[in-house]
Amino acid sequence: MIAGNEGDALAMIQMTDATGAFTFTRVPANQLTGAFITAKGGKDAATGVDFTGLALVAPFVAGSTVVAPLSTLVAYFMAEGLSLEAAKAKVTAIFGTKV
């Protein structure tokens with residue numbers, strides 16, 4: 001699902017393909033500013049690990065391709081008031097890896 005900054009759904013629930021890739025259609029670009037992608041449940045295509053009960057989040061950025069634990073931390077810090085760039089820098093500083 002992709003949700004606006006108020007938590008309202010902007011796109012229908014989508015299933016990923018066998019590689020985990022996803023697309024959203026029929027959402028005007030001007031409605032995506034401040035939006036977040038939420039992935040819930042499913043199974044890891046490579047490992048078969050079941051993600052029932054798990055939700056991962058990522059701030060929507062044009063060309064976004066990953067919803068992962070690190071992007072979830074970025075979204076958390078944004079919810080705490082940091083900008084996207086400041087949140088990414090904080091996660092990078094904590095884990096020593098570029099987000």
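Trainee: Is F77 buried or exposed?
Mentor: This is a predicted model. The relative accessible area of F77 is 12%. Anything under 20% counts as buried. So F77 is buried.

Trainee: How many aromatic pairs does a search of the whole structure find, and what is the geometry of the rings of Y76 and F77?
Mentor: The search of the whole structure finds one aromatic pair. The ring centres of Y76 and F77 lie 5.4 Å apart, and their planes meet at 65°. Planes over 60 degrees apart count as edge-to-face. So the Y76 and F77 pair is edge-to-face.

Trainee: Which accessibility class does Y76 fall into?
Mentor: Y76 has a relative accessibility of 45%.

Trainee: What share of the residues in the chain is buried?
Mentor: The chain has 99 residues. Buried means under 20% relative accessible area. Buried residues make up 21%.

Trainee: How much of the accessible surface of the chain belongs to carbon and sulfur atoms?
Mentor: Take the total accessible surface of the chain, about 6,700 Å². Carbon and sulfur atoms hold a share of that area. Their share is 60%.

Trainee: What part of the contacts with a separation of 6 or more comes from residues 24 or more positions apart?
Mentor: A contact means heavy atoms within 4.5 Å. Keep the contacts in the chain with a separation of 6 or more. Residues 24 or more positions apart account for 28% of them.

Trainee: Which element supplies the largest share of the lining of the second largest pocket?
Mentor: The second largest pocket holds about 260 Å³ of space. β4 (55-59), α1 (69-79) and α2 (84-95) each supply at least two residues of its lining. The largest share is three residues, and they come from α1.

Trainee: How many residues in the lining of the second largest pocket are nonpolar?
Mentor: The lining has 13 residues, and those nearest the pocket centre are A58, P59, V66, S71 and V99. By class, three residues are polar and one is charged. The nonpolar count is nine.

Trainee: Where is T72 found, and which residues does T72 contact beyond its neighbours within four places in sequence?
Mentor: T72 is found in helix α1. T72 and L56 are 16 residues apart in sequence, yet their C-alpha atoms are 5.6 Å apart. Setting aside neighbours within four places, T72 is in contact with L56 and V57.

Trainee: Which residues does G42 touch, not counting those up to four places away in sequence?
Mentor: G42 lies in the loop between β3 (36-40) and β4. G42 is partly exposed, at 43% relative accessible area. From G42 to A55 is 13 residues in sequence and 9.9 Å in space, C-alpha to C-alpha. Beyond residues up to four places away, G42 touches V49, D50, F51 and T52.

Trainee: How far apart in space are G34 and L84, C-alpha to C-alpha?
Mentor: G34 is found in the loop between β2 (9-11) and β3. At 36% relative accessibility, G34 counts as partly exposed. G34 and L84 are 50 residues apart in sequence. In space, C-alpha to C-alpha, they are 9.4 Å apart.

How values were computed:
Residues numbered from 1 in each chain as written. Predicted model: local features only at pLDDT ≥ 70, side-chain atom pairs only at ≥ 80, totals over all residues. Heavy atoms only, no water. 1 Å grid on protein atoms, 1.4 Å probe; cavity = no way out; pocket = protein on both sides within 12 Å on 5 of 7 lines; lining within 4 Å. Points joined across faces, edges and corners; volume = space filled by probe spheres on them. Helix = DSSP H or I, 4+ residues; strand = E, 2+ residues; numbered from the N terminus. Nonpolar A, V, L, I, M, F, W, Y, C, P; charged D, E, K, R; others polar. Phe/Tyr/Trp six-rings, centres within 6.5 Å; stacked < 30°, edge-to-face > 60°. Buried < 20%, exposed > 50% of the residue type's maximum accessible area, 1.4 Å probe, protein only. Areas by Shrake-Rupley, 256 points an atom, 1.4 Å probe, with all protein chains shown as cover.
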